Amino acid sequence: MSTVTRFRGGTLAPFDWTNLSWLPKLAPTIRVENYLDGDRYVVRAELPGIDPAKDVRITCTGESLRLDVVRRESHPDKAHSEFHYGTFSRLITLPAGVKEETIAARYANGILEITATVAATEPTAREIPITVEHGART
């Protein structure tokens, strides 16, 4: 469960983000940056304090990457925490031409880096000629 602390009636109480489906923009998220470096697409995600072998799952659906991350609470007896714990997901749209078989990921110093080769793509838009017909008179 993801919790933060809020002020309620003079006391501090845990606040459950999972019941706020109407506030998705305020819920904790995975921060990412992505860019093209020549023919290489790079996604970098900030994921400090996790074990990537156990806590990260990356799936590719052809047009997008999905990151699923679990951050487990390691010190349940703490008096105060502003850390976010629980399950977090992020969907990243891939650029056209990404070769799925080249997608690779590595984790170092709290940063998950996902790379993929992007092939040149043929333009998919083409102009459609218009045939003008002169209407027959009745």
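Let's start with a salt bridge. The side chains of Asp68 and Arg66 meet in one, at 3.1 Å from N to O. By salt bridge I mean a side-chain nitrogen of Lys or Arg within 4 Å of a carboxyl oxygen of Asp or Glu. Asp68 is buried, with a relative accessible area of 15%. Arg66 is partly exposed, at 36%. The cut-offs: buried is under 20% relative accessible area, exposed is over 50%, and partly exposed is in between, with a 1.4 Å probe and protein chains only.

A word on what you are looking at. This is a predicted model, where local features need pLDDT of at least 70, side-chain atom pairs count only at pLDDT 80 or more, and totals for chains, interfaces and linings use all residues. Residues are numbered from 1 along each chain as its sequence is written, and side-chain values use heavy atoms, with hydrogens and water left out.

Back to the salt bridges. How many does a search of the whole structure find? It finds 6. One of them joins Arg31 and Glu46, with the closest N and O atoms 2.7 Å apart. Arg31 lies in the loop between β2 (11-16) and β3, and Glu46 lies in strand β4, so this pair ties together parts that are 15 residues apart in sequence. Arg31 is exposed, at 54% relative accessible area. Glu46 is partly exposed, at 38%.

Next pair: Glu113 and Arg106. Their side chains meet in a salt bridge of 3.6 Å, N to O. Glu113 is buried, at 13% relative accessibility. Arg106 is exposed, at 52%. Both belong to a network of salt bridges that links Glu33, Arg44, Arg106 and Glu113.

Now the overall layout. The protein has 1 helix and 9 strands. These are DSSP runs, numbered from the N terminus: helices are H or I with at least four residues, strands are E with at least two. From the N terminus on, the order is β-β-β-β-α-β-β-β-β-β. There are 138 residues, and 25% of them are buried. The accessible surface comes to about 10500 Å², with 52% of that on carbon and sulfur atoms. That area comes from the Shrake-Rupley method with a 1.4 Å probe; for residues, only the protein chains shown count as cover. Now contacts, meaning heavy atoms within 4.5 Å. Of the contacts with a separation of 6 or more, 47% are between residues 24 or more positions apart.

Two strands pair if DSSP finds at least two bridges between them.

Look at β5 (residues 56-60) and β6 (residues 64-71). They run antiparallel, joined by 5 bridges. They form a hairpin with 3 residues between them, and Gly62 in the turn has a positive phi of about 95 degrees. Cys60 has Leu65 in β6 as its bridge partner. Ile58 stands opposite Leu67 in β6.

Stay with Ile58. It is partly exposed, at 32% relative accessibility. Beyond its neighbours within four places in sequence, Ile58 contacts Leu65, Arg66, Leu67, Ala105, Leu112 and Ile114. Ile58 and Ile114 are 56 residues apart along the chain, with 9.3 Å between their C-alpha atoms.

There is a second hairpin. Strands β3 (residues 32-37) and β4 (residues 40-46) run antiparallel, joined by 6 bridges. The hairpin has 2 residues between its strands, and Gly38 in the turn has a positive phi of about 70 degrees. Leu36 has Tyr41 in β4 as its bridge partner.

Asp39 and Thr117 are 78 residues apart in sequence, yet 5.8 Å apart in space, C-alpha to C-alpha.

Last stop: Thr115, in strand β9 (residues 111-117). Is Thr115 buried or exposed? Thr115 counts as buried, at 16% relative accessibility. Leaving aside neighbours within four places, Thr115 is in contact with Arg40, Tyr41, Val42, Thr102, Ile103 and Ala104.
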